[in-house]
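Subject: Handover of a structure and its findings

Dear colleague,

Please find the structure below, together with its sequence. The findings follow directly after it.

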Amino acid sequence: MLRLSKEYSPEELARIIDICMKALRSKDAYTFAHSERVGKFAEQIATAMDLDDEDLSVCRVLGRLHDIGKLFVPSSILKKPASLSEQEWEVMRKHSEDNVRILSCMSFVEKHMEVVESLHERFDGTGYPNHLEGCQIPVLARILAVADSYDAMTSDRPYRKAQSLEYVYGELLDGRGKQFCPEVVDKALNLLERQMKKPYVVVTAQIKKLVENAVPTPLPSLAFVKRAA
Ligand SMILES: [Fe+2]
């Protein structure tokens, strides 16, 4: 049961979130569907990490709302059937400020604003807006970042096809300890392995690079590397 606020009943809260999601769907069907999937995948990762019920609910809700600021991105940019120019990216990136503006008005998200504000931080400290690194980034933001990237890569876009699960697996592994939290990546990779329904036998360039460069963070699991070798 959703218990993010003392001021809203679960029913009221669900209604408010549904209204937001309907507005997002009328603005852009892709962003709506993407947000729903991010909420689901983030909740799955959080479950695999044994987080408590409230954290699972927050993952689901903030996953659904993590792109709500895109309501203010012009449709010509949001739905552009081609890659964005640097100027357009600048406009697109402003949605994170609008996320904060919109979600800070919702009292049930108030105590989780640190998560909302950290959605674009990177584990190695090269993200924005505060260049937080490692465990300075709230764990729920680290989970949402992986779920967001995973879904963006596995979605068809007008300007490119969805990437294969194998490709996405390699990208997440490559970003382990750089863009993404290693612990979160490991859980996400376990979930992907189950989806691929087979031991992952193709040794990707990313895995090779990880092994060759001997990055300081440990590899996901020795069993996996042995299986892939
Ligand atoms: Fe997103």
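Helices here are DSSP runs of H or I of at least four residues, numbered from the N terminus. In that numbering, H131 belongs to the loop between α7 and α8. Please note that the model is predicted.

Overall organisation

The protein contains 12 helices and 0 strands, so its pattern along the sequence is α-α-α-α-α-α-α-α-α-α-α-α, given that helices and strands are the DSSP runs described above. Of its 229 residues, 32% are buried. When contacts between residues at least 6 apart in sequence are considered, 62% of them join residues at least 24 apart.

The nonpolar core

The largest nonpolar core has 40 residues, and I143, L144, V146 and L172 are the members that touch the most others. At least two residues come from each of α1 (10-27), α2, α3, α7, α8, α9 (165-174) and α10 (182-196). The helix that gives the most is α8, with 8 residues. Domain 1 (1-162) and domain 2 (166-229) each contribute at least three residues to this core. As background, nonpolar side chains in soluble globular proteins tend to be buried together.

V146 deserves a separate entry. Leaving aside residues up to four places away in sequence, V146 touches I45, L172, F180, V184, V185 and A188. One of these partners, L172, is itself among the core residues that touch the most other members.

The packing of α1 and α3

The axes of α1 and α3 lie 10 Å apart and form an angle of about 30°. Angles under 35 degrees count as roughly parallel, and the two helices are therefore roughly parallel to each other. On the α1 side the contact involves I17, C20 and M21, which meet V61, R64 and L65 of α3. Sorted by class, this contact comprises 5 nonpolar residues, no polar residues and 1 charged residue.

The loop between α7 and α8

H131, found in the loop between α7 and α8, is not a glycine, yet its phi is positive, at about 50°. Is H131 buried or exposed? A residue with 12 or fewer other C-beta atoms within 10 Å is exposed; H131 has 12 such neighbours and therefore counts as exposed.

D50 and D53

D50 is situated in the loop between α2 (29-48) and α3 (53-65). The phi of D50 is also positive, near 60°, in a residue other than glycine. D50 is exposed because 8 other C-beta atoms lie within 10 Å, and the limit for that class is 12 or fewer.

D53 lies in helix α3. Because D53 has 12 C-beta neighbours inside 10 Å, it counts as exposed. Between D53 and E43 the C-alpha to C-alpha distance is 9.8 Å, and the two residues are 10 apart in sequence.

Yours sincerely

Key:
Residues are numbered from 1 along each chain as its sequence is written. This is a predicted model: local features need pLDDT of at least 70, side-chain atom pairs count only at pLDDT 80 or more; totals for chains, interfaces and linings use all residues. A residue is buried if 20 or more other C-beta atoms lie within 10 Å of its own, exposed if 12 or fewer, and partly exposed in between; C-beta atoms are placed from the backbone. Two residues are in contact if their C-beta atoms, placed from the backbone, lie within 7 Å. A nonpolar core is a set of buried Ala, Val, Leu, Ile, Met, Phe, Trp, Tyr and Cys residues joined through C-beta atoms within 7 Å. Domain bounds come from an automatic or database domain assignment. Axes are lines fitted to C-alpha atoms, for helices over the stretch in contact, and angles run from 0 to 180 degrees between N-to-C directions. Angles under 35 degrees count as roughly parallel, over 145 as roughly antiparallel, 65 to 115 as roughly perpendicular and the rest as oblique. Ala, Val, Leu, Ile, Met, Phe, Trp, Tyr, Cys and Pro count as nonpolar, Asp, Glu, Lys and Arg as charged, and the others, Gly among them, as polar.
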